[in-house]
Amino acid sequence: MRNRWTRPLASVVTGCLIGLSVTALATAPAQAATAPSHPFPTHVTYQVGVMPSASQSARDAAVEKQYNSWKSTYLVHGCASNEYYVSTKGDSDATNNGPVSEGQGYGMNIVPLMAGYDPNAQSEFNGLWQLVKDHEDQYGLMQWQLDGKSCQYYSGGTPDAATDGDLDIGYGLILADEQWGGYSADAQQWLSAIYAHDVAPDGHLKCEDDGPNTDTRPSDQMLDHLRAFAAYDTSHDWSKVIQRTEALDNEFTAAYSPSGGLLSDFVVNADTTSPKPAPADYQEDQPDNIVGYNSIRVPWHLGTDALLNGSSTAATELALAKKESACLKGESGGNPQNVYPHTNLNCTPYSTSDQAEEAGDAVGPAAMASGDQAWTDAIWNYLPTNPFGDGYYGETIKTLVYLVMAGDYWSPASGTAPTSDFSLSAAPASGSVAAGSGVSVTVDTAVTAGSAESVALTASGLPSGASASFSPSSVTAGGSATLSIATSAGTPAGSYPITITGTGGSGSHTATYTLTVSGSGGGGCTSAQLLGDPGFENGANAAPWVQTSGVGSAPVNNDTADEPAHSGSWDAWLDGNSKADTDTVSQTVSIPAGCTATLSYWLHIDTTENTSTAKPDTMSVQLLGGSGNVLETVAGYSNLNKNTGYAQHTADVSAYAGQTVTLRFTGTETDANGGTTSFVIDDTALNVSGGSGTHTAGYPLTVSG
């Protein structure tokens with residue numbers, strides 16, 4: 001784990017064999033080298049964005065100069081005669097400038113990319129890998145922190161591994177296999193260990209291999225690595241990891257940094273659809289609930305994935321890279337030196353007394369992907385400097401950013417991934433109906449490589465008396481279809497795994513939907529109103545409602561002088577702050593199977609927008625599935641729907657009987673032309689009553705009686 005809240009002075013390297021730099025070691029063991037398949041410089045044409053204005057030859061020369069400096073300072077021959085490690089010199093991340101797994105992974109990425117320029121690259125890579133193998137924890141992953149003299153595990157407790165190091169080491173093995181060959185077995189075994197121990201059951205990345213399934217560290221979310229894993233290791237569902245990571249980032253930023261797209265150093269509730277910033281000192285003695293020395297790496301990773309994989313495959317990453325680039329440019333006034341390591345999620349500096357070169361360096365790939373030429377050039381021109389005397393961490397990140405910004409960062413997936421590929425999922429994955437009833441499920445597809453392709457959908461494994469149909473029967477990857485399953489009165493009771501198959505030009509993928517059928521019968525439903533605190537009268541303690549605000553103003557309020565409640569003293573007032581803002585109130589509710597369900601709410605819309613056509617301010621009413629996916633936009637409003645008082649609105653949501661859904665009201669105000677709009681909600685209700693028939697599900701489906 002990282003802790004740079006107190007910035008240490010560069011420490012002195014002790015004069016033992018373990019601490020000698022590569023340039024000081026004339027006796028480093030020679031190893032037979034294989035000619036590299038992609039010798040440096042391998043120039044890459046990225047899918048989106050701009051390049052620095054400097055010529056390609058100037059960019060290559062800058063990378064070589066930085067590599068020479070980095071290698072002579074941080075690449076160390078030790079702890080054994082056949083081992084190398086990346087020293088943490090200058091940052092005190094390990095005692096006696098020893099290695100951490102994060103740095104070892106960085107080295108295993110840098111060295112293969114410099115093969116051809118560095119004639120000893122393969123020997124050095126083998127030494128880096130050997131040290132990893134000699135210091136594995138109980139799960140076969142690298143112990144995250146070692147002493148630089150003894151080379152023993154230094155951190156407290158049982159030796160464990162950090163996810164960022166694990167991912168970079170795995171990516172390095174794939175790079176080496178593509179560059180020289182011969183690392184396939186090692187790479188496959190390592191990726192299997194990552195998938196088994198660093199991936200939570202829902203698909204998000206844990207912080208460490210022995211850590212809980214409830215948190216994540218956004219700086220570990222290297223989507224270009226995960227896409228390479230998916231192309232290289234088809235025995236594990238890396239697409240699931242990619243999709244959950246993207247969904248988690250969207251859920252978090254929508255709630256806590258909608259305009260800046262920023263992600264805090266640590267995130268909790270990562271196994272839910274409502275992730276949130278970790279407490280201030282969650283894993284480290286610094287404000288882990290904002291951007292810090294971990295998440296300064298996020299724009300680098302976002303931008304790199306977008307550059308390599310383009311606007312279709314990496315749509316989430318490109319959108320967030322653009323937001324983060326603009327946010328940090330604004331914070332710094334366009335001066336990379338003033339991108340602060342600790343930044344609040346609203347794009348303001350937490351502390352201007354703490355500065356580090358890597359904070360500005362890491363924005364470079366995001367600036368490129370966003371197409372901001374001036375900002376890209378400013379960061380490129382800043383890279384050669386080190387105004388704060390940073391050590392291992394800043395100079396190592398700089399080396400990797402240099403490779404990306406120079407156009408010398410090639411992906412090992414290019415030789416193994418199909419031209420196009422897609423993923424398939426069912427939401428829900430199971431559900432229940434009585435024999436004679438029907439159910440619907442959403443089938444989602446996503447582009448995981450290349451371009452979107454046509455995907456034909458079929459279903460198999462249906463019980464007798466049941467039929468299935470898709471609407472539409474084929475989709476373009478990235479789109480969704482509805483699978484409708486009808487059972488007959490004679491369909492036998494039981495649980496049936498139904499295989500959904502999507503077939504495209506690149507091949508086929510499947511998803512399983514478990515249908516549980518119970519005995520026939522009309523079913524029953526107890527009439528009830530399901531929403532908790534439907535009139536928001538719990539006040540400031542808004543639970544079970546969850547509220548967010550882009551400007552820090554809680555929507556649930558009792559300002560009856562300005563916006564009276566429909567009844568009682570409290571309501572939910574979205575927007576109306578004369579600022580660009582997104583406010584939400586939401587509540588998760590389970591709708592019993594077999595019920596007729598009706599949503600209702602009272603809405604008052606006030607506006608000072610002076611337009612009869614434009615809609616700068618909008619509000620949506622949506623139902624979300626378990627993964628945060630939008631099942632249905634129930635209604636939409638804008639400043640054009642202003643009214644003098646409250647009006648009641650209703651909607652039939654019976655299609656979601658048998659499911660747990662999240663009701664979300666979202667108000668968005670652009671502040672585009674000076675006006676402001678208030679969307680005020682009160683006296684909500686979700687009433688259910690007896691009923692039967694066809695119901696639509698958007699999460700695991702089991703058919704019951």
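This is a predicted model: local features need pLDDT of at least 70, side-chain atom pairs count only at pLDDT 80 or more; totals for chains, interfaces and linings use all residues.
A residue is called buried when its relative accessible area is under 20%, exposed when that area is over 50%, and partly exposed in between.

The side chain of serine 87 reaches the backbone nitrogen of lysine 89 at 3.1 Å. A polar atom of that side chain also lies 3.0 Å from the backbone oxygen of asparagine 97. When neighbours within four places in sequence are left aside, serine 87 is in contact with Tyr74, Val76, Asn97, Gly98 and Tyr392.

Serine 464 is found in the loop between β8 (454–460) and β9 (467–471). Because its relative accessible area is 48%, serine 464 is partly exposed. Apart from neighbours within four places in sequence, serine 464 is in contact with Thr491 and Pro492. Between the C-alpha atoms of serine 464 and glutamine 283 there are 54 Å in space, and the two residues are 181 residues apart in sequence.

The next topic is the packing of helices. Two packed helices are described by the angle between their axes and the distance between the axes. In this model, helix α3 spans residues 121–133 and helix α4 spans residues 163–179; their axes come within 12 Å and cross at roughly 145°. The crossing of α3 and α4 is left-handed. On the side of α3, the contact is made by Phe125, Trp129 and Val132, while α4 contributes Ile169, Gly172, Leu173 and Ala176. Sorted by class, the contact of α3 with α4 has six nonpolar residues, one polar residue and no charged residues.

From helices the reader may turn to strands. Five strands form an open sheet in the order β15-β18-β23-β20-β21, and their pairing is antiparallel. At the edges stand β15 (546–549) and β21 (630–638), each of which pairs on one side only. On average, neighbouring strands of this sheet are turned by 15° against each other, direction ignored. Within the sheet, strand β20, residues 617–624, runs antiparallel to β21 and is joined to β21 by seven bridges. One of the pairs can be located directly: threonine 618 has serine 638 of β21 as its bridge partner.

Some details of the backbone also deserve attention. Glycine 78 and cysteine 79 are joined by a cis peptide bond, with omega about 20°. Cysteine 79 is found in the loop between β1 (75–77) and β2. A cis peptide bond also joins alanine 427 and proline 428, with omega about 5°. Proline 428 is found in the loop between β5 (421–427) and β6 (430–434).

Aspartate 575 has a positive phi of about 65° and lies in strand β17, residues 571–575. With a relative accessible area of 2%, aspartate 575 is buried. Serine 578 has a positive phi near 60° and lies in the loop between β17 and β18 (581–591). Its relative accessibility is 42%, so serine 578 counts as partly exposed.

Terms used: Residues are numbered from 1 along each chain as its sequence is written. Side-chain values use heavy atoms; hydrogens and water are left out. Axes are lines fitted to C-alpha atoms, for helices over the stretch in contact, and angles run from 0 to 180 degrees between N-to-C directions. Helices (H or I, at least four residues) and strands (E, at least two) are DSSP runs, numbered from the N terminus. A crossing is left-handed if the near helix is turned anticlockwise from the far one by less than a right angle, and right-handed if clockwise. Contact means heavy atoms within 4.5 Å. Ala, Val, Leu, Ile, Met, Phe, Trp, Tyr, Cys and Pro count as nonpolar, Asp, Glu, Lys and Arg as charged, and the others, Gly among them, as polar. A polar contact is a pair of N or O atoms within 3.5 Å; within protein, one must be able to donate a hydrogen and the other to accept it, and residues adjacent in sequence count only if both atoms are side-chain atoms. Buried means under 20% relative accessible area, exposed over 50%, partly exposed in between (1.4 Å probe, protein chains only). Two strands pair if DSSP finds at least two bridges between them.
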